[in-house]
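Hi,

Here is the structure I promised to pass on. My notes follow below it.

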Amino acid sequence: MDLATLIGIVGAFGIVAAAIVMGGSFNQFVDIPSVLIVFGGGLAATLIRFQLNDIATAFITGFKVAFAGKGPSPRDLIEEITNLGEIVRKSGPLGLENVDISDPTLAKGVQYIADGYELDFIKDSMERERDLNLTRLSEGKRVMKALGDSAPAFGMIGTLVGLVQMLANMDDPSAIGPSMAIALLTTLYGALISNVVCLPLVDKLDAKFDSDELSQTLIIDGVLQIRESKSPALIKEMLIAYLPEKARAEFAEAA
């Protein structure tokens, strides 16, 4: 689990809540009409832009990525793939059947090798799965960004609604307070949703997209090299290209 995400979200809302409590009553910052305008309006605007199943998938993907821990690093994957190549060299493809694999994509590729599938089938199947995964991440990022853009916009709409209600009821002092609450709290709610939840998730999904694209492409290349019975040293040499230049030198020295 990624504790940074949990600490960040809880910390941001906690700081705001603490400031509210220190300055007065928390109930003053709870307004149902403001919630309806910002949450309901932002979600409705997002529904207009995307299909319902895309939005549901985006929320599941977004929160799963936000709270999931990191997978194996490229360096760890290269070491693992090299070791798998050594196993195949000594015991053949059947030697891979009882090996524990750290990454699900790599595990699937290794199973393909152990089952004796052809090279072209393995390549097409794994590339298709990688592309579908990247498409889901990209779609999730688009939905979260749309919601992050809509929330502050509906916060401003709520502010205008509150101001209109206030100006229309200037002769009734009892109506001025609730109208001002809508006017100000919708802006607050919109800013919190956008800057604490949606836009940070967009960045998480963006980073996950880049990470998965690199690691899964590395895995596919490694699996294909193992399937072609390339030597472990050659496999490692080819996969080192996926590392940054500085990391390549450190990796070579450690090896």
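Predicted model: local features only at pLDDT ≥ 70, side-chain atom pairs only at ≥ 80, totals over all residues.

Residues are numbered from 1 along each chain as its sequence is written, and side-chain values use heavy atoms, with hydrogens and water left out.

**Salt bridges**

The criterion is a side-chain nitrogen of Lys or Arg within 4 Å of a carboxyl oxygen of Asp or Glu. Side chains of opposite charge can pair when their charged atoms come close.

Glu 86 pairs with Lys 90 at 3.9 Å, N to O. Both sit in helix α4 (residues 74-91), four residues apart, about one turn of the helix. Helices here are DSSP runs (H or I, at least four residues), numbered from the N terminus. Glu 86 is partly exposed at 28% relative accessibility, while Lys 90 is exposed at 65%. The cut-offs: buried is under 20% relative accessible area, exposed is over 50%, and partly exposed is in between (1.4 Å probe, protein chains only).

Glu 129 bridges to Lys 108, with the closest N and O atoms 3.1 Å apart. Glu 129 belongs to helix α6 (residues 119-168) and Lys 108 to helix α5 (residues 104-114), so this pair ties together parts 21 residues apart in sequence. Both count as partly exposed: Glu 129 at 32%, Lys 108 at 34%.

Arg 142 meets Glu 139 at 3.0 Å, N to O. These two are both in α6, three residues apart, about one turn of the helix. Arg 142 is partly exposed at 44%, and Glu 139 is partly exposed at 21%.

**Helices α2 and α6**

The axes of α2 (residues 32-49) and α6 come within 8 Å and cross at roughly 135°. Axes are lines fitted to C-alpha atoms, for helices over the stretch in contact, with angles from 0 to 180 degrees between N-to-C directions. The two helices are therefore oblique to each other. Under 35 degrees is roughly parallel, over 145 roughly antiparallel, 65 to 115 roughly perpendicular, and the rest oblique.

Which residues in α2 meet α6? They are Ile 37, Val 38, Gly 41, Gly 42, Leu 43, Ala 45, Thr 46 and Arg 49. Their partners in α6 include Val 143, Leu 147 and Phe 154. Contact means heavy atoms within 4.5 Å.

Best wishes
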